[in-house]
Amino acid sequence: MRRISTIAWHTFKESVRERVLYNLVVFALLLIGAAILFGSISVGIEDVIIMNLGLSSISVFGLLMAIFIGIGLVWKEIDRRTIFSILAKPVHRHEFIIGKYLGLMVTLLINTAIMTAGFYLALAYEQRTLHWADLVALQAVYFILLQLAMVVALALLFSCISTPILSAVFTLAVYVIGNLLNDIRWFGQETGSALVMNLTALIYYLLPNFGNFNVISQIAQGRPLPSYLLVSNSCYALLYVSILLAAAILIFEEREFR
Amino acid sequence: MTSEKRKGWPPGTRRTCWAVLALSFLALVPLQQEADRQMSAQRRTEELLYVPSGRLLRRLCLGHEGLVADIYWTRAVQYFGRKRIDRATKFDLLGPLLRITTELDPNLIVAYRFGAIFLAEKAPWGAGRPEEALQLLRRGIVANPSYWRLWQDVGFIYYWDLKDYPRAADAFRVGSQQPGAHLWMKALAASVAAEGGAISSSRLLWTEIYNQAGNESMRRSAAEHLWALEAREEIDQLNALLETYQEGVGRPAQSFRDLVLAGILKGVPKDPSGVPYVVTTEGHAGPGPGSKIDLSLLQ
Amino acid sequence: MPAIETFDLTKDYFSGFFRKRPKRALDRLNLQVGDGEVFGLLGPNGAGKSTTLKLLLRLIFPTTGRATVLGRELDSVAMHARIGYLPEHPYFYDHLSAQELLNYAGELFGLDKATRRRRIGDLLTRVGLAGSEDVPLRKFSKGMLQRVGIAQALVNDPEVIFLDEPMSGLDPLGRREVRDLMLGLKGEGKTIFFSTHILSDAEMLCDRVAILDRGQLQGCGELRKILSLGISATEIVLENPHADLMAKLQPFSSRAIRTGASVRLEIPSDKDLTQVLEIVLREKGKIASLNPLKMSLEDYFLSRVSDATEQARGGRNIDIRLEGKP
């Protein structure tokens, strides 16, 4: 446990020094600020636009950060051979994986918090005040964080297997497909072929269903989220992250370092 | 001494990982199925509203469809505004823009209401496509069944653009029965059923639209219509007075000053926009030069 | 109980699409390293030295066979707490300073803050980096990196230290410093297991050596014994010998090198030496010097490592059998 937190803290410090992170956060904040401008020219939906643009920015930039740093998490250590001296120490290989994951999650948590603060500032500026009701956007941010948790785990898993570029491609591909799972399954049902139907059903349950977490437009319209969604999505993300980390650990345990 | 040394740290870790993998996947299936069950009603509604291109676009948005809908909405408003400035008479893109907007975000109410006015309104103030506007509104009602004002907009199109008073009254009546509908809807339904296109019902309708206007264009349009209605009433009254003058004096009035001198009017009457009325060459009352009243709105 | 022991340790690498063709990188290695010994693993490049070290450290897994370190099997985390490792071409997190790196290592060992601070200070002084603890590692030269590497290998005050080519890439000054460090560690009773292809270093440091070639153990034994394998040859330098004398000496000498006016002869066997001396004296040749040639580690090494050029030398038929494979 102590070792996991040591590795996590070390990973956090290393991630935080990535200059790209700062660029992405600044860009996100700029975009959120631009939402105010955007609102004044898209009549009738000033508040909605800040919600949509703000939350979508947090989501997109969070995704970029998660992928960008996640793909190098393990690969960098292997490529630069820093892994040799780590594994020679009394560290279980699974502690290494879990520590890396937690370190990056903390980084993302902090960056998301910064972007969310910027978002609320923009909202306060536009509305001249903040209402208690605006806190509902935090639900959307929470779901975004759940998505990021899964994406980081994905990137980490691929990082154990292949080079950064391939990992980025795979992670992005799974993310895109994961958003379209409902359609894939619907498509399978429409074709009527039992084989295709079963295949698409298998894919539906196998791949991470990111669609469950897309609530931004709902929140922006002020429509309440069903209460089960909070619990359901939290459980889903927890389970799926466990799957991905378990897979990463299994792969890492067998890995040889020439 | 040889012994087969197994790889991997204590098998305990590998066993744990495999167990986590298997159990988590097994747990995911019922979890997802339950979530699907809860969301199925919403999803079915969404399916109804899609035509191919909107559906594709929605897929591409990957969860950001709200934002893209906002962008399309902005484009629709700008497109319309620009066309108006250029005094164009055709607004071909307005329908598709509004359709895509509402396909991306079926709950963007203002898009439906905007379309109700400007899609239906005759050229040069609108696209002149009341049927398309009705289609848009019907989809809006399906997606937002509790928003009774959309029924008002349906009734409005039948009333104003299609002059189909029985259907208009029907729409107002259905709308008035929705939860949360204002009482005046009932009054409007009754009035339209009874009197057809009387100015009083029209005035009621446009006043409501003015009060509920989602943006500046809509508000201004409603104001212009109200002015036109008011001016129409006033002109009718003034025409009656002009006839009285002619019968009394024996010749048509040249301007309203004559009526003031004759004691029929206290002062030169001004139209709702503040410009004095004039007597046209045909001897009728009409808006003066520089007046913002546009009577052709009442066609 | 030996500090390190291997039992038929074997490593195959599979190449080819269906992983059908195994390449044996290490073949049934049986080694023992005693407590407090400095043990050198020698061999040409590709002999399997790095493979052996990585197997012992569990960076790779044996195909068959097993090994123990400090009596524990290789998968014991507790054992790893008592060993230190310097990898070949050490590369550490270049955004950290030396202090931060050693602190990180210390935390992974579970040392408390006070111990860490004290030990890091001592180590940095010991490896000669006392003033550079806050400099980021990316600014370090190769020699400094090597020293940091040794420091991080010692953070936990290990009983066994593994060093993979500790002198590679260092200038003579750096090599001497590392050598002195290693001698210091030996003086503290630590066991050192290191690989190298620089024989002179091994000669200076090792108690015992093993020679690997193409994955197989070619020879293993105490250095002392190897080097004291008797005077195997004698060198005579003659001044201006005349052709007649040279002709008579021809059957006895394996090599004759002419340098200016002198000729240097190697007489491989002791018996011949007496005869040669008699011939020289009879012919009134002038002896400039007479030197016994001791077996060097290089000779032992070359005898064990099958090398085409060895045949070309046609020379010393050194065939020393000690412990180890025939």
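Predicted model: local features only at pLDDT ≥ 70, side-chain atom pairs only at ≥ 80, totals over all residues.

Biologist: Where in chain A is confidence lowest, and where is it highest?

Modeller: Lowest in helix H9(A), residues 181-191, at a mean of 78. Highest is helix H7(A), residues 137-159, at 94.

Biologist: OK, new topic. How many residues does each chain put into the contact between A and C?

Modeller: Chain A puts in 20 residues and chain C puts in 22. On the chain A side, helix H1 (2-16) and helix H5 (82-87) each supply at least two.

Biologist: Which helix gives the most to that side?

Modeller: H1(A), with five residues. By class, the side of chain A touching chain C has nine charged, six nonpolar and five polar residues.

Biologist: Back to H1(A) then. At what angle does it pack with H6(A)?

Modeller: About 45°, with the axes of H1(A) and H6(A) (residues 93-127) 7 Å apart. That angle is why H1(A) counts as oblique to H6(A).

Biologist: And is the crossing left-handed or right-handed?

Modeller: H1(A) passes H6(A) in a right-handed crossing.

Biologist: Which residues make that contact?

Modeller: From H1(A), they include Ile4(A), Ile7(A), Trp9(A) and Phe12(A). On H6(A), Phe96(A), Leu102(A) and Val106(A) are among them.

Biologist: What's the breakdown by class there?

Modeller: The contact of H1(A) with H6(A) has 11 nonpolar, six polar and three charged residues.

Conventions: Residues numbered from 1 in each chain as written. Chains lettered and ligands numbered in written order. pLDDT = per-residue confidence, 0-100. Helix = DSSP H or I, 4+ residues; strand = E, 2+ residues; numbered from the N terminus. Contact = placed C-beta atoms within 7 Å. Nonpolar A, V, L, I, M, F, W, Y, C, P; charged D, E, K, R; others polar. Axes fitted to C-alpha atoms, helices over the stretch in contact; angles between N-to-C directions. Parallel < 35°, antiparallel > 145°, perpendicular 65-115°, else oblique. Left-handed = near helix turned anticlockwise from the far one by under 90°.
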